[in-house]
Amino acid sequence: MSSQSQQDVEEIIDRSYEFGFVTDIESESAPPGLNEDVIRLISTKKNEPEFLLEWRLRAYRHWLKMREPKWAHVHYPPVDFDAISYYSAPKSLKDGPKSLDEVDPELLNTYEKLGIPLHERARLAGVAVDAVFDSVSVATTFKEKLSEAGVIFCPISEAIQTHPELVKKYLGSVVPYTDNFYATLNSAVFSDGSFVYIPKGVRCPMELSTYFRINAANTGQFERTLIIADEGSYVSYLEGCTAPMRDENQLHAAVVELVALDNAEIKYSTVQNWYPGDENGKGGIYNFVTKRGACLGKHSKISWTQVETGSAITWKYPSVILRGDHSIGEFYSVALTNNFQQADTGTKMLHLGKNTRSTIISKGISAGKSQNTYRGLVRTGAGAENARNFTQCDSLLIGDRCGAHTFPYIESRQPSAVIEHEATTSRIAEDQLFLCQQRGIDAEKAVSMIVNGFCKEVFNQLPMEFAVEAHKLLEVSLENAVG
Amino acid sequence: MSASTEHLLNNIRQLQKNLPAPDQPWLNTFREAGLSRFAEAGLPTRKTEAWKYTNVKPLAENNYWQNAPATSEADTYTAKSYLFEGTSNPRLVFVNGRYTQTLSNIPVLENGVIIEPLENALKNRPGLVREHLGKAVSEAHPFAAINAGLIANGLFVFIPPSVVLNEPIHVLLLNTEQTTRFSAHPRILIAAGNHSTAEIITHEAAIGNVDAFNNCVTEFVLEAGAQIKHSKLQTGGNTGINLSGCYVQQARDSRFESHTISLGGRLLRNDLNVKFTEPGASCSLNGLYIGCNAQHIDNHTTIEHAAPYCDSHEYYKGLIADQAHAVFNGRIHIHPDAQKSNADMQNKNLLLSAKAEIDTKPELEIYADDVKCSHGATVGQLDSKQLFYLQTRGMNPQAAAQMLSAAFLGELLEQLPSESLRQKATKLVESRLHEITQRPVR
Amino acid sequence: MLEIHDLHVTVDDKPILKGLNLTIQAGEVHAIMGPNGSGKSTLSNVLAGREDYEITSGTIKYKGHDLAELSIEERAQQGLFLAFQYPVEIPGLSNIQFLKASLNSIRESRGEGPLDAIDFLQLTKEKIKQVHLDESFLHRSVNTGFSGGEKKRNEILQMLLLEPSLAILDETDSGLDIDALKVVATGINALRSENRSFLLVTHYQRLLDHIEPDFVHVLADGQIAKSGNKELALELEQQGYGWITQAAKDNSQTSTQSYSVKL
């Protein structure tokens with residue numbers, strides 16, 4: 001690339017992390033390190049029923065026997081699990097807010113800065129927000145309107161108190177506590193997260209949203225989200241993530257479980273913008289997340305859409321178990337890595353039922369010295385008659401020091417199944433930028449156009465507000481991308 | 001080192017003792033290095049990513065670690081029917097891993113071309129062999145390591161610069177039924193000088209219920225501008241294990257073309273690794289496999305683009321029926337600075353039975369930005385519209401299925417460079433397809 | 001040749017043909033016309049034996065056989081030929097290989113031996129001239145990369161080679177330019193004889209300018225709504241299908257009413 005256009009692009013995309021402020025509020029943390037006492041402490045703090053404590057302890061004992069997975073295409077120094085604090089609650093919230101008015105104004109300011117539509121803006125936007133600050137749910141808006149429709153949307157800690165039967169039935173039903181190293185750790189120590197239940201035949205009247213933010217230093221965030229869509233129901237759920245700038249790496253190991261019964265549909269969208277570390281690779285979040293949905297019912301549908309721009313390391317495979325006949329799984333992903341970021345992300349589509357369909361559209365953008373990996377599994381079991389999968393997996397490279405990798409696993413045991421996988425690699429080339437500029441389009445716009453054009457199929461899946469945010473995020477994240 | 005690896009290592013050392021050993025320290029060092037690489041890697045398990053779908057545990061459980069009994073008259077007689085037609089070609093026949101002179105034909109060679117059994121070459125021209133041996137096998141592949149540890153039998157071919165070999169070299173590796181299990185570890189080493197041209201046809205065959213472990217390594221070292229075509233036909237064998245490795249190193253502007261036709265074998269694994277070390281090299285890798293009965297056919301390929309301006313093209317197609325299990329793992333690795341690389345890879349499969357399985361994994365690992373890479377994989381069945389069309393034109397469903405299967409695989413047969421091999425392979429494919437499609441629907 | 005009686009056919013549980021009656025004698029040329037969605041292609045596919053088309057009631061007799069009892073290829077071997085509306089592409093299978101296998105399987109069922117390679121080639125070359133296709137098409141994969149007109153001419157080539165007793169041409173004329181249309185029509189006319197019948201399924205009258213039918217039928221709402229001679233086709237060309245389809249709907253309403261009266 002010519003030095004002129006290189007400079008142009010560098011200037012244009014040289015923006016710093018906008019969300020890296022630290023909120024100055026007192027927080028109450030458990031001492032660093034993990035043992036059964038810490039787990040009992042978490043459970044007691046949350047006044048949990050006995051079954052949950054037992055489940056946590058079983059998970060912890062299992063975790064002790066496990067080893068960190070090494071197969072992902074990422075490299076990082078070993079995580080010191082004893083240096084992490086497994087519980088951090090903003091102190092002023094010890095007794096829990098009763099309404100928005102009781103929420104620490106400092107926190108509300110934080111959300112203002114993050115641009116979360118929590119107050120009137122939320123009402124205007126028609127979005128119900130559950131905000132998880134470090135590990136505790138802060139406030140859930142629009143509870144009343146939702147409860148009129150019979151929708152339960154609350155922190156999972158609250159659901160444990162108010163709807164223990166639902167929690168007991170579904171918690172760990174999609175991601176068992178033995179699932180993998182990080183999911184098992186999460187099962188032992190999760191502190192909060194969102195809980196959604198959509199009753200039979202109900203179309204959730206608004207989009208539900210959760211914003212996650214890690215604030216305190218040296219804390220791990222282990223939220224747990226559980227969404228159950230009963231027969232014939234529909235819900236669209238949005239998840240946003242940010243974290244302050246810190247030198248140390250912070251661990252985020254969440255678990256999301258989705259359950260869709262007959263004819264139900266869940267649409268789960270994520271815009272992940274955890275702090276990615278600085279341009280030298282210092283700091284940033286380790287995002288080791290297990291997300292999985294089970295299409296249990298006939299004609300059910302689960303759709304994952306993700307825009308991943310943050311985190312130092314992302315290790316995440318939102319998956320769908322297509323158990324119900326005629327069920328549908330979808331995965332739409334944009335993963336952008338820059339500087340020293342590493343992403344190993346993709347999906348698993350496990351076809352078990354008849355006439356099940358899945359679609360995978362993955363767009364990876366690598367810039368700087370980053371490594372971006374798509375890893376996916378499509379498996380059709382012997383009973384998955386007429387299963388169909390289509391996978392399109394594209395990589396865009398910006399700069400010659402980054403990496404783009406594709407590891408698709410296709411396993412078929414079903415002769416009537418049809419599976420198609422395609423992958424391409426392209427780059428933003430000097431001559432493309434030159435052409436744009438020659439036609440009067442400046443380099444900033446040209447890069448943005450090319451990148452957005454590349455991601456269009458995925459952005460089209462996002463709710464409007466998120467799509468706008470996603471566009472903006474991509475531009476911001478491409479700092480120092482061209483070289 | 002695990003106990004099973006240690007046990008195997010002892011077995012291999014026993015075999016090593018009986019090798020014809022020209023007294024050459026470098027050769028002993030070479031063998032030792034091989035064994036220590038194996039000791040380090042160990043016998044792969046299903047947890048080893050490259051062996052996730054292929055189980056080689058029988059190698060630890062069964063005693064394959066002995067040489068075959070001496071080649072008998074009967075063996076030689078049987079081998080005759082496997083020879084390619086045409087007598088003028090250089091032809092080398094190995095029965096149960098041993099060079100069989102009576103069946104072989106090495107014509108008078110001109111221009112300094114060398115074609116001789118490896119055993120002889122190690123004695124006659126150790127310098128030349130040493131210069132090339134192991135050059136292309138860079139990776140710590142456990143079975144290539146064993147092969148290195150047991151190096152003795154096989155073939156050495158040297159094509160001097162600018163020499164064009166007009167006739168393809170035929171190599172037959174045949175295993176015949178014996179009363180005991182045995183293994184063979186032949187090494188075929190092909191060194192192609194600057195701008196030389198040659199074609200090699202390898203036929204790996206096994207008779208009936210031969211329960212042998214074939215661990216063949218073929219090594220190609222291509223100097224600048226060399227052009228090599230290699231076709232490999234694999235047939236026969238209802239039992240036993242065939243691990244067939246092929247390692248290619250390509251210098252500037254060289255071209256390598258490979259055709260692998262896998263029809264036989266109970267457990268068959270092909271490792272095909274190509275490395276471009278200098279700019280302008282290209283390769284084209286084609287593969288065809290048909291799995292039936294309880295066959296397990298695994299094709300692993302790796303193309304290392306370690307230099308800029310190289311092109312690779314890969315096309316594998318397979319048909320899997322009955323309880324067969326096929327695996328395809330294609331890896332394209334574009335190194336940093338390997339700009340202007342072009343790579344495309346396609347794997348297409350027809351899965352014809354509810355008990356068959358296909359696992360395919362086309363991988364891209366890319367560390368340079370100015371590259372054109374694509375890959376695709378499909379798994380499907382015969383097209384019902386096409387079947388219907390053929391039936392409306394009077395063909396019964398079996399004939400229609402056979403015809404469509406042949407059409408699916410045909411394009412790979414057409415590309416075989418040797419006319420006689422094409423005819424032979426086409427016949428074999430047709431009869432295999434007939435066998436599969438005539439069976440009652442399961 | 002063909003007798004269809006009170007034929008009811010559903011596709012994906014949706015009724016398409018609702019009591020169709022049609023008789024074709026040897027040597028006759030019948031044209032079936034009708035608006036889109038009236039069931040024309042369904043009729044062609046049912047006659048050829050395509051799966052997914054379920055005969056829920058009614059009978060089809062072909063040369064005295066119950067057609068439903070015959071497999072797809074047995075129908076073909078008995079001389080029933082369908083020229084497809086959208087001929088499928090088969091990459092990798094050469095046209096000549098395909099034509100040879102087809103012709104020989106049909107000859108075999110007639111008790112004739114297979115043609116040897118030379119006779120077959122001679123015959124094919126002769127026929128391919130009639131459809132104005134280059135001989136190179138014989139060596140290309142079946143229909144692969146052919147233009148719409150070339151695919152249709154390839155269908156006619158197959159018909160000329162196989163010499164069927166009953167040829168069903170499913171919208172063979174649609175999408176053809178006038179030259180291609182003439183080629184197709186000439187091919188069909190060349191085969192007309194007293195022991196061979198044709199069923200032309202078409203949306204447009206213009207094919208009938210080149211092939212004179214003995215009977216014209218209008219298919220509407222899954223039934224033959226009107227039958228006549230070639231004048232009917234001209235009438236349709238001028239007035240459209242509206243008047244007939246409306247009448248068909250009225251008719252079906254009337255019949256429903258009379259049914260309820262019976263109750």
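# Exercises on a predicted complex

His305(B) touches Phe276(B), Cys310(B), Ser312(B), His333(B), Ile334(B), His335(B), Ala338(B), Ser341(B) and Ala343(B), leaving aside residues up to four places away in sequence. Touching, or being in contact, means that the C-beta atoms, placed from the backbone, lie within 7 Å.

This is a predicted model, in which local features need pLDDT of at least 70, side-chain atom pairs count only at pLDDT 80 or more, and totals for chains, interfaces and linings use all residues. Residues are numbered from 1 along each chain as its sequence is written, while chains are lettered from A and ligands numbered from 1 in the order in which they are written.

## Exercise 1: His305(B)

Task: State which strand holds His305(B), and decide whether His305(B) is buried or exposed.

Solution. 
- Find the element. His305(B) lies in strand S15 (residues 296-305) of chain B. Helices (H or I, at least four residues) and strands (E, at least two) are DSSP runs, numbered from the N terminus.
- Recall the cut-offs. A residue is buried if 20 or more other C-beta atoms lie within 10 Å of its own, exposed if 12 or fewer, and partly exposed in between, with C-beta atoms placed from the backbone.
- Apply them. His305(B) has 30 other C-beta atoms within 10 Å, so His305(B) is buried.
- Look along the chain. Ile332(B) is 27 residues away from His305(B) in the chain, yet their C-alpha atoms are separated by 7.5 Å.

## Exercise 2: Strand S4 of chain B

Task: Work out how many residues of S4(B) are buried and how S4(B) runs relative to S3(B) and S7(B).

Solution. 
- Count. Strand S4 (residues 154-159) of chain B has 6 of its 6 residues buried.
- Sort by direction. Gly154(B), Phe156(B) and Phe158(B) point one way, Leu155(B), Val157(B) and Ile159(B) the other, and all are buried.
- Take one partner. Strand S3 (residues 114-117) of chain B runs antiparallel to S4(B), joined by 4 bridges. Two strands pair if DSSP finds at least two bridges between them. Here Pro117(B) stands opposite Leu155(B).
- Take another. Strand S7 (residues 187-192) of chain B pairs with S4(B) in the parallel sense over 6 bridges. Ile159(B) stands opposite Ala192(B).

## Exercise 3: Where chains A and B meet

Task: Name the element of chain A that gives the most residues to the side touching chain B.

Solution. 
- Start with the totals. 29 residues of chain A are in contact with 30 residues of chain B.
- List the elements. Strands S21 (388-398), S22 (403-412) and S23 (418-427) of chain A each give two or more residues to this side.
- Pick one. S22(A) gives the most, with 10 residues.
- Classify. The residues on this side of chain A divide into 12 nonpolar, 11 polar and 6 charged. Ala, Val, Leu, Ile, Met, Phe, Trp, Tyr, Cys and Pro count as nonpolar, Asp, Glu, Lys and Arg as charged, and the others, Gly among them, as polar.
- Check pairing across the chains. S23(A) is joined to strand S20 (residues 371-380) of chain B by 7 bridges, running antiparallel. Ile419(A) has Val379(B) as its bridge partner.

## Exercise 4: Helix H2 of chain A

Task: Explain why the buried residues of H2(A) are on the same side.

Solution. 
- Name them. In helix H2 (residues 36-45) of chain A, the buried residues are Ile39(A), Ile42(A) and Ser43(A).
- Use the angle. They cover an arc of only 95° around the axis, so they are on the same side of H2(A). The arc is that of the directions from the helix axis to the C-beta atoms.
- Find the cover. It includes helix H3 (50-64) and helix H9 (181-189) of chain A.

## Exercise 5: Chain C

Solution. 
- Read the order. The open sheet has 4 strands, S2-S1-S4-S5 (chain C), with antiparallel pairing.
- Check confidence. pLDDT is the predictor's confidence in each residue, from 0 to 100. Its mean over chain C is 85, and 93% of the residues of chain C reach 70 or more.
- Locate the exception. Where pLDDT is low, the predicted coordinates should not be read in detail.

Note on methods:
Two residues are in contact if their C-beta atoms, placed from the backbone, lie within 7 Å.
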